[in-house]
Amino acid sequence: MLGLMQDRPLLIQQLIEHAALNHGDTEIVSRTVEGPIHRYTYKEARDRSRKVAEALLALGVKPGDRIGTLAWNGYRHFELYYGISGMGAVCHTINPRLFPEQIVYIVNHAEDQILFVDINLLPLVEKLQSQFKTVRHIVAMTDRAHVPADVKIPNLLVYEDLIADKPGTYDWPEFDENTASSLCYTSGTTGNPKGVLYSHRSTVLHAYGAALPDTLGLSARSVVLPVVPMFHVNAWGLPYTAAMVGAKIVFPGVALDGASLYELFEKEKVVFTAGVPTVWLALIQYMQANKLKLSTVRYAVIGGSAAPPAMIETFDKEYGVEVLHAWGMSEMSPLGTVNHPKEKHAALPAAEQLAVRLKQGRPPYGVDMKIVDDSGKELPRDGKAFGDLLVRGPWITSGYFKGEGGDVLRDGWFPTGDVATLDPDGYMQITDRSKDVIKSGGEWISSIDLENAAMAHPGVAEAAVIGVAHPKWDERPLLIVQKKPDAQLDKAALIEFLSGKVAKWWLPDDVQFVEAIPHTATGKILKTRLREDFKGYKLPTA
Ligand code: ADP
């Protein structure tokens, strides 16, 4: 027997309509690429999203067409999220930090029809435009007065001109909730980037899951500043979750340095923020150097890479900010787990509490997880056994755009490529990316654990560990360190510091100091580059 409830499709455009009706005067504040701070309300955002949809129709956009954006976090990008998906087209967010040839590949692979571009990225598009095969229009995301005079893009359209004469009365269409809504390519540290194609249903369900108290815990009283870019897995879903609950949004634009972020946090009374560890390193350094405190920020989501323990402690002790350690991936929309303590953890000694906080957290309802060994056998949830982490759920991909990579699921489960433990309380802890784990004498050494231990040294700005070939042990760990400016630090001191913090046989065989640790376009340590840089390097123990 079927239930007798209404079968209303879950559609992204309903989120902005809901926000306009119920939180119409709640603000959306943006630091614009043009410079000044822009502020308006959900109601105005809704009206202008409708105009965007009307403008797309006027440009001949059809349902299912891919519309690309090369843009920072700002109100026009927000309007595009809703305008594009809401009229049935696919919002394809492109990471401008990718290599130019990857951008060309992605635009052509997605067959983008129109590209919406922030003005400081127009020079990039100017260089690449001749290689785009399907792009019919390029739109500068600004008004006529701010179009750079020297830009050489033929027939460049202007965002404000496009929407100026539109009525903003658009009646959003209703369609199947499984319709594609947005597209995001994984940064692909190896091989070509692959597209993850989200649906309206997956996006709305992810927003529900993200809003839960033990996930991001957002509400109409929240003031949210997504540092994580809107081209990095839809800013972890925040533009949708914020609209769903009516939270005030503060968009930081292109200025992600410590000083600019700090100023916005304070002026806009931001309570909740989210980003990858590298931006927090920069912010903390800025605040320490200038002896500043945060007066309103209470929660910082840290994800994309493991949150170093020293960062969690500094945020907590010096700034009164609770770190919500989170894990996810493009293929998961992206939220997989968020770390909130349970009641019973409050009674634990501080060191044990920190050990729990270091885990990547618990999944919300909607994300199923299991760990398996090489033969696919499920491993116990005892917090000790570690194996390949598999996931499934309504906001997890079933395969990549245009079938790239073939059939990726294993019996309906998506292999994350991460190696993890699960404990009886539901907490997951990543020990490594399967391709980064160091295989020494048949045993595994976690590069993340070693990096975390090294980063706790006050003289270390950033640390990376890679496996290096060893005649006896197959692989042994090499620790690569970027020192803090003026830090006095040598190999012996670091190894001494690590002794007792990790198993003896995990201690790195060598330490190398570098000017800067390289990062991917989404802020992860670029281990492929480090492996290349240290190719042919011989460990002193080899
Ligand atoms: P891309 O796939 O383009 O590299 P993603 O953001 O999708 O970018 O990367 C997902 C991966 O990032 C995860 O599979 C995991 O390896 C890593 N990751 C994300 N969050 C964490 C975290 N909190 N701790 C450790 N690793 C993380």
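**Entry: H7 and H9**

I began with helix H7 (residues 200–211) and helix H9 (residues 238–245) in this predicted model, and I noted that their axes come within 9 Å and cross at roughly 70 degrees. Angles of 65 to 115 degrees count as roughly perpendicular, and H7 and H9 are therefore described in that way, as roughly perpendicular to each other. I then looked up which residues meet: on the H7 side they are Thr203, Val204, Ala207, Tyr208, Ala210 and Ala211, and on the H9 side they are Tyr240, Thr241, Met244 and Val245. Sorted by class, this contact of H7 with H9 holds 8 nonpolar and 2 polar residues, and no charged ones.

**Entry: H1 and H3**

I turned next to another pair of helices, keeping in mind that two packed helices are described by the angle between their axes and the distance between the axes. Helix H1 (residues 12–22) packs with helix H3 (residues 75–86) at an angle of about 130 degrees, and their axes are 8 Å apart. H1 and H3 are therefore oblique to each other, and I wrote down that their crossing is left-handed. The contact is made by Ile12, Gln13, Leu15 and Ile16 from H1, together with Phe78, Tyr82, Ser85 and Gly86 from H3. When I divided the residues of this contact by class, I had 5 nonpolar, 3 polar and no charged.

**Entry: the open sheet**

In what order do the 8 strands of the open sheet stand? I traced them as S2-S1-S11-S10-S12-S13-S14-S15, and the pairing is mixed. At the edges I found strand S2 (37–41) and strand S15 (335–338), each of which pairs on one side only. Neighbouring strands of this sheet are turned by 20 degrees against each other on average, if direction is ignored.

I reminded myself that strands of a sheet pair through backbone hydrogen bonds, either parallel or antiparallel, and I looked for an example of each. Strand S1 (residues 27–31) and S2 run antiparallel and are joined by 5 bridges; here Ser30 has His38 in S2 as its bridge partner. S13 and S14, by contrast, pair in the parallel sense over 4 bridges, and Ala300 stands opposite Val323 in S14. I also checked the burial of S14: 5 of its 7 residues are buried, so the strand is largely enclosed by the rest of the structure.

**Entry: helix H12 and what covers it**

Which residues of helix H12 (residues 309–319) are buried? I listed Pro309, Met311, Ile312, Thr314, Phe315 and Tyr319. Just after H12, I came upon Gly320, which takes a positive phi of about 65 degrees.

**Entry: Gln360**

Is Gln360 buried or exposed? Gln360 lies in the loop between H13 and strand S16 (368–372), and because its relative accessibility is 4%, below the 20% limit, Gln360 counts as buried. I looked up what it touches, leaving out residues up to four places away in sequence, and the list runs to Ala306, His325, Ala326, Trp327, Thr337, Val338, Asn339, Met428, Gln429 and Ile430. I also compared Gln360 with Glu263: the two are 97 residues apart in sequence, and from C-alpha to C-alpha they are 29 Å apart in space.

**Entry: backbone exceptions**

Most residues other than glycine have a negative phi, and most peptide bonds are trans, so I searched for places that depart from this. Ser333 and Pro334 are joined by a cis peptide bond, with omega at about 5 degrees, and Pro334 is found in the loop between S14 and S15.

Asp474 has a positive phi near 75 degrees although it is not a glycine, and I located Asp474 in strand S23 (residues 474–483). Its relative accessible area is 55%, and because over 50% counts as exposed, Asp474 is exposed. Asp486, likewise a residue other than glycine, has a positive phi near 70 degrees. Asp486 is found in the loop between S23 and helix H15 (491–498), and at 76% relative accessibility it counts as exposed.

Terms used
Residues are numbered from 1 along each chain as its sequence is written. This is a predicted model: local features need pLDDT of at least 70, side-chain atom pairs count only at pLDDT 80 or more; totals for chains, interfaces and linings use all residues. Side-chain values use heavy atoms; hydrogens and water are left out. Buried means under 20% relative accessible area, exposed over 50%, partly exposed in between (1.4 Å probe, protein chains only). Helices (H or I, at least four residues) and strands (E, at least two) are DSSP runs, numbered from the N terminus. Two strands pair if DSSP finds at least two bridges between them. Axes are lines fitted to C-alpha atoms, for helices over the stretch in contact, and angles run from 0 to 180 degrees between N-to-C directions. Angles under 35 degrees count as roughly parallel, over 145 as roughly antiparallel, 65 to 115 as roughly perpendicular and the rest as oblique. A crossing is left-handed if the near helix is turned anticlockwise from the far one by less than a right angle, and right-handed if clockwise. Contact means heavy atoms within 4.5 Å. Ala, Val, Leu, Ile, Met, Phe, Trp, Tyr, Cys and Pro count as nonpolar, Asp, Glu, Lys and Arg as charged, and the others, Gly among them, as polar.
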